[in-house]
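Welcome, and please have your viewer ready with a cartoon display.

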Amino acid sequence: MDIARERSWRGKFRRKHRMIKPGVHRVEGRCPLTPLEVGIMLRGMGFDNTTLVYVAAGKIYKEQKYMAPLKQMFPRLLTKYTLATPEELAQFKRHSSRLAALDYTICLHSEAFVTTQGGNFPHFLMGHRRYMYGGHAKTIKPEKRKLVVLFDNSDVRWEVFKQQMKDMLNHSDQRGTEVKKTGESLYTFPMPDCMSKQVEPKYENANTGKNMIL
């Protein structure tokens, strides 16, 4: 991973304030979930092996090795490369932003969206889904600090783990209609600032008599 980072970012993560400490970052909930961890979490939340799972991602590090457990738990697993034909993807291949736009569009209209890492992509998606569905889109944002404690506890019983995941899922559902607090991104929390309001018109339309939508 150090070699891959150096190739892409040229010394960025060798600077003192950018040094990556995997163990510390993981405990603090700052690391992305692995495919195996995502699979265990989803099964604990009640998603069974008939669930269709779409993975929105770029090139995955050692994909065959690390995606195998997730594919075993969710055989109906798809990516843009398996969902579309090579001919359909040809016009997107050399444009990473276009490929990301495909992932974004599918996630936007999915039944449920699970965010497993930080960055603009999931934050914009969470806000866009809140805006489109009035806060009622199922968006799951895992509590990664709590997950780390559970994953590292080899003595935890499956029934206990499942109950923790159900509680986490319910908490995510309750946060769907959460409004923006001071200092938070308008893109992630568009309510109530960006939502349409229904108001009485200043004059009545003789033909319709309907309220005006702003």
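Predicted model: local features only at pLDDT ≥ 70, side-chain atom pairs only at ≥ 80, totals over all residues.

Residues are numbered from 1 along each chain as its sequence is written, and side-chain values use heavy atoms, with hydrogens and water left out.

**Whole chain.** Color by secondary structure: the protein chain has ten helices and six strands (DSSP runs, H or I of at least four residues and E of at least two, numbered from the N terminus). Of its 214 residues, 27% are buried (under 20% relative accessible area, 1.4 Å probe, protein chains only).

**Helix pair.** Next, select residues 35-45, helix 3, and residues 63-73, helix 4: they pack at about 20°, with axes 7 Å apart (lines fitted to C-alpha atoms over the stretch in contact, with angles from 0 to 180 degrees between N-to-C directions). The two helices are therefore roughly parallel (angles under 35 degrees). Show side chains at the contact (heavy atoms within 4.5 Å): among them are Leu36 and Ile40 of helix 3, and Tyr66 and Leu70 of helix 4.

**A buried side chain.** Now center on Phe113 in strand 3, residues 112-114. Is Phe113 buried or exposed? Phe113 is buried, with a relative accessible area of 7%. Leaving aside neighbours within four places in sequence, its contacts include Pro122, Leu125, Met126 and Ile140. Finally, draw a distance from the C-alpha atom of Phe113 to that of Thr139: 4.7 Å separates them, although they are 26 residues apart along the chain.

Notes. Parallel < 35°, antiparallel > 145°, perpendicular 65-115°, else oblique. Buried < 20%, exposed > 50% of the residue type's maximum accessible area, 1.4 Å probe, protein only.
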